[in-house]
Amino acid sequence: ILDPNLGDHYGYVRGPFLNASWNALCMVMGVPILLWLFFRKRDASRLLWLLGLASIGLSLPFVFQRAAWFGAAAAVVITIVAWRRRRAFLIATVLLIAAVAGLLMPQPLEERIKSKLTNPANIIYRLKIAEVTSQIISDHLATGVGFTQYNQTLQRYGLDPGYTSHNTFLSLLVELGIFGFAPYLFIFIFLVVKSIKMYWQL
């Protein structure tokens, strides 16, 4: 993990994945689960789940990935909205953590986070990929370009080798086409509809 020649994002919190984005994804996915375990358990194991939440909260700023920060915010908001019994407590906790973080965050870290959030380069990069990807999808709508062919296809459409996919949905739609992408999309639609129905039954 401390070897700069291994993996990506050296100097960031990148965990055993050697990639800050993947590490952050796993941490963000753990937030709702750890919250549920913390409130569900009534024994000493609650301290373990609380320690996990604290570790994630302290580590996330240092992944320096906007997607991770936005994902964490979305996870917290969805959890608050969906969990009516704990909503007031969670809102108060989030506000308290935000206030403490704002007061205690070191200035170099604050400036680096602001720079990451306001840097337009990543947005321009993704917009360029989206523009070319829309043309690829239009040309190969039905069957796609084939497994693992997205990056090579981007190059055939004029982008430099440094351009790579940063969007799972676009990658699958390009590679599998509409017929391959539809079943994948259906899984998420099913889960959302099922979750909404279960929520209103509570």
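User: Is N23 buried or exposed, and what makes it count that way?

Analyst: Two notes before we start. This is a predicted model, where local features need pLDDT of at least 70 and side-chain atom pairs count only at pLDDT 80 or more, while totals for chains, interfaces and linings use all residues. Residues are numbered from 1 along each chain as its sequence is written, and side-chain values use heavy atoms, with hydrogens and water left out. Now the labels: buried means under 20% relative accessible area, exposed means over 50%, and partly exposed is in between, with a 1.4 Å probe and protein chains only. N23 has 8% relative accessibility, so N23 counts as buried.

User: Where does N23 sit, and what is it in contact with?

Analyst: N23 is in helix α1; helices here are DSSP runs of H or I with at least four residues, strands are runs of E with at least two, and both are numbered from the N terminus. Contact means heavy atoms within 4.5 Å. Leaving aside neighbours within four places in sequence, N23 is in contact with V13, R14, G15, P16 and F17.

User: Why is F17 called partly exposed?

Analyst: F17 comes in at 37% relative accessibility, so it counts as partly exposed. F17 lies in the segment before α1, and beyond four places in sequence it touches W22, N23 and C26.

User: And T79, why does it get the buried label?

Analyst: T79 has a relative accessible area of 11%, so T79 is buried. You'll find T79 in helix α3, touching P32, L35 and L90 once residues up to four places away are skipped.

User: What makes a group of residues a nonpolar core, and which members of the largest one touch the most others?

Analyst: A nonpolar core is a set of buried Ala, Val, Leu, Ile, Met, Phe, Trp, Tyr and Cys residues joined through side-chain atoms within 4.5 Å. The largest one has 22 residues, and A24, M27, L35, I56, L60 and V63 touch the most other members. Helices α1 (20-40), α2 (45-59), α3 (66-82) and α5 (107-118) each supply at least two residues of this core, with α1 giving the most, 9 residues. Apart from this core lies another of 14 residues, among them V132, I136, Y150 and L173.

User: How do you know that E110 and K114 form a salt bridge?

Analyst: A salt bridge needs a side-chain nitrogen of Lys or Arg within 4 Å of a carboxyl oxygen of Asp or Glu. For E110 and K114 the closest N and O atoms are 3.3 Å apart, so the pair is a salt bridge. A search of the whole structure finds 1 salt bridge. E110 and K114 both lie in helix α5, 4 residues apart, about one turn of the helix.

User: Are those two buried or exposed, or in between?

Analyst: In between: E110 has 28% relative accessibility, so it counts as partly exposed, and K114, at 48%, counts as partly exposed too.

User: Last one: why can F188 belong to a surface patch?

Analyst: Patch residues have over 30% relative accessible area and no salt bridge; like charges are joined within 9 Å, nonpolar side chains (Val, Leu, Ile, Met, Phe, Trp, Tyr) within 5 Å. F188 has 35% relative accessibility, so it is over the 30% mark. F188 is found in helix α8 (residues 168-201), and its nonpolar patch also includes F169, L185 and V193.

Terms used. Areas by Shrake-Rupley, 256 points an atom, 1.4 Å probe, with all protein chains shown as cover.
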